[in-house]
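Hi,

Here is the structure I said I'd send over. Have a look first, and then read my notes below.

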Amino acid sequence: MTPRLIRPDDDVLDRDDRPVTITVDGTPVTGVAGQSIAGVLLAAARTAWRYGHAGAGRGVFCGIGVCFDCLVTVNGVPDVRACRRRARDGDAVTTQTRLPADGDGDR
Amino acid sequence: MTRVVVIGAGPAGLSAAATALGAGAQVTLIEAAEQPGGQYHRAPVAEFGVARREALQHGWRDFAARRDHVLSHPRCRFLPETTVWALEDPGATPARGGPPLVHVLTGQADGADRRRRVIESDALVLAVGAHDTMLPFPGWELPGVVTAGAAQALVKGERVAIGDRVVVAGTGPFLLPVAAALLGAGSTVRQVLEANRPGRIAAGWGARPWQLAGQAGKLPELAEYAATLARHRVPVLLGRTVVEARGDGRVEEVVTARLRADWSVVPGSERTVAVDAACVGHGFTPQLELPVAAGCALRTEPDGRRFVAVDTDLRTSRPGVYAVGELTGIAGAPAARAEGALAGWLAAGGPDRPAVRALRRQVAAGRRFATRLAAAHPIGPAWPDWLRDDTVVCRCEEVCYGALRAAAGQDPRVSKLGTRAGMGPCQGRICGPTVAALRALGAPPPGSDGLDRPDDGARRASPYHRPIAQPIRLGELAASTAPDVAPPQPVPDKENP
C-alpha cells in the first residue's frame with residue numbers, strides 16, 4: 001500500500017486531525033483539514049489523477065507548484081494545481097485528461 | 001520613506017524583510033504560500049492542528065521569532081497567497097523610474113476570483129528560491145516517481161509518505177535529509193544513490209577546507225542525517241543512480257547503474273530494485289523567470305547552470321533590484337539568510353556599519369560554499385547516455401528524445417513550435433534547461449544555430465524568458481486593477497491565533 005498518511009499516533013508533530021471531505025469525480029474522499037488537494041488524494045492512496053495524450057496517468061511530481069503535472073478542476077475551475085490548492089470541505093474535484101477523444105482536454 | 005518590496009518569504013526573503021524594517025523602510029512581503037517559511041521551513045498550516053511544528057525543523061525557534069517580528073511590525077504588509085505574475089518595466093512609461101512594477105494576484109491558488117494589484121517600490125528584493133533539477137530518464141513520468149523535494153515537501157507540509165519502499169537518488173547533500181524525512185515518515189529507504197563518485201566528491205569538498213569556516217552549522221545537521229541512515233541500515237552508494245523506472249501505471253521497480261565520472265553508464269552494472277516510489281533530484285534550478293523579467297543579467301557556471309549575476313552587495317544589473325538566496329547560487333538556508341539580511345538593509349538605504357561588513361563576510365563565505373557544492377556534485381555531461389528515442393523529455397507535451405534529436409538542427413523557435421517541447425502547462429519550467437542542454441550537445445558552434453544570442457535586438461532566447469511568470473485567467477487579466485493604497489497593517493500570528 002502506498003502512498004499514505006503518517007498515522008497521528010506515530011507523528012512526532014503531535015497532531016489533532018480534523019477530517020476534510022471532498023469529492024473526486026463524484027466519489028467522496030476524506031483527508032485531513034489543512035492538506036492540499038494533492039495531499040488528500042495521496043493520503044487516500046491515489047497516485048494518478050490526470051491523463052496525458054496517450055492516456056498515461058500523472059499525479060504529483062514536483063510537489064511545490066512548478067511542474068503542473070497535478071492539475072485538476074476544482075468546483076468547475078479548471079487547471080488548478082492540486083499541490084498548491086488547500087482542500088476545503090465540499091470541494092468538487094474532477095480529474096482532467098488530454099486524451100484527444102476528450103476534445104481539448106485540460107487546455 | 002523607502003518602500004521595499006520583497007518577493008518570497010523563505011529564509012532569504014524573511015531575513016531581507018527583517019533588516020529592511022530595521023533600516024526604517026516600509027516593507028511589502030509577498031508570498032505565494034499561506035505562511036512564511038519557503039521550502040526550508042515548510043510546515044503544516046495552522047488548520048492541521050499540529051502542536052509541535054518545530055519537531056522536524058532545524059532553526060525553527062530563530063525562524064519563528066523572525067517571522068513573528070516581521071509579520072507584527074507596523075511598517076510591514078504581508079501578502080500571503082499572492083503570486084507575482086508579471087514584472088512590468090517602468091521604462092515603458094518614461095515618467096517613471098526605478099524598479100519594475102510588481103503585478104500580483106491574491107487569493108486561493110489558481111482560483112478564479114483572485115484580486116489583482118500593481119505594487120510600486122523604490123527597491124525590489126527577489127527571493128523566490130529554486131526547485132529541484134531533475135534530469136529525464138526512461139519512465140520518469142510514471143506516477144510514484146517524484147522529485148526529491150516533492151517527497152520532502154509532502155512529509156513536511158502534508159504528513160504524507162510518498163511510498164513504503166523508496167529509492168532516493170541523484171546528486172548532492174540534499175538527498176540525505178530527504179531520506180531521513182522518509183525514514184521519519186515510516187518508509188523503508190532501500191537505497192540512497194549519489195551519482196558522483198567518491199573522488200569527485202572528495203576533490204570538491206576537500207580542497208582548501210578553511211574556506212568552509214562559517215558554514216560549520218551544516219556539519220552537525222549532516223552528521224545527524226548520516227546517523228539516521230546508519231541506524232536504519234540504509235545503504236548509501238556512490239557513483240550509482242537510477243537510469244530507468246518501470247511499472248504498469250505507476251513505478252514498480254527502478255533500474256540502477258554504476259556511472260563513470262562523466263555519468264555515462266558502466267555496461268553490465270544495471271540492477272533492478274523493487275520500489276513503490278522513486279525520489280530523484282540532481283541539484284537545484286533557480287526560479288529565474290522574475291529576475292529575467294526584471295531585466296537582470298544572468299551568469300553561467302562552468303557546467304552550464306545559470307544564476308542571477310550579483311555584486312558583493314547582491315545588486316543585480318538592474319538598478320534598484322536585488323537578488324538573494326538560491327537565485328544567486330545554491331548554498332542553502334544559512335547563506336540565503338545572510339544574503340537576505342544584507343540586501344534588505346541596503347535596499348532600505350541602511351548605512352554601512354560593522355554589522356554590515358560582517359554580513360558581507362558571511363555572504364562571501366556562502367558564495368565559497370556554493371562553489372564547493374557545485375564542484376563536489378556536478379551534473380555529469382554524459383547523462384543523455386540514459387535516454388532512448390522514446391524517453392519523454394518534455395513531460396507536459398510528452399515530447400520524446402528522438403523528436404528533439406530530429407529537430408536539433410533547426411532554429412530553436414522553429415523546433416519549439418514543431419515539437420511543442422516547453423509549450424505545455426508548465427511552460428518549460430521543468431524541461432527548458434534540459435532541452436537547451438540537449439540542443440547544445442553536438443550542436444554547431446554558437447552563432448550558427450541561434451542558441452542564446454540576441455535576435456534582431458529582441459531579448460536573448462532563454463528557457464527562463466516567460467513574459468507571464470505565473471498563469472493568469474483571461475477574466476482576471478481583463479478585470480480592472482485595484483489601486484494599491486492599502487496602508488500597512490499588523491498581521492496576526494497565524495500559528496498562535
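In which sense do strands β1 and β2 of chain B pair, and over how many bridges? Strand β1 (residues 3-7) and strand β2 (residues 26-30) of chain B pair in the parallel sense, over five bridges. (Helices, H or I with at least four residues, and strands, E with at least two, are DSSP runs numbered from the N terminus; two strands pair if DSSP finds at least two bridges between them.) Within that pair, B:Ile7 stands opposite B:Ile30.

Before more, some ground rules. This is a predicted model, where local features need pLDDT of at least 70 and side-chain atom pairs count only at pLDDT 80 or more, while totals for chains, interfaces and linings use all residues. Residues are numbered from 1 along each chain as its sequence is written, chains are lettered from A and ligands numbered from 1 in the order in which they are written, and side-chain values use heavy atoms, with hydrogens and water left out.

Back to chain B: five strands form an open sheet in the order β3-β2-β1-β7-β21, with parallel pairing. β3 (76-79) and β21 (321-323) each have a single partner strand, so one side of each is left without a neighbour in the sheet.

Now B:Leu21, in helix α1 (residues 11-22) of chain B. B:Leu21 counts as buried because its relative accessibility is 1% (buried means under 20% relative accessible area, exposed over 50%, partly exposed in between, with a 1.4 Å probe and protein chains only).

Cheers
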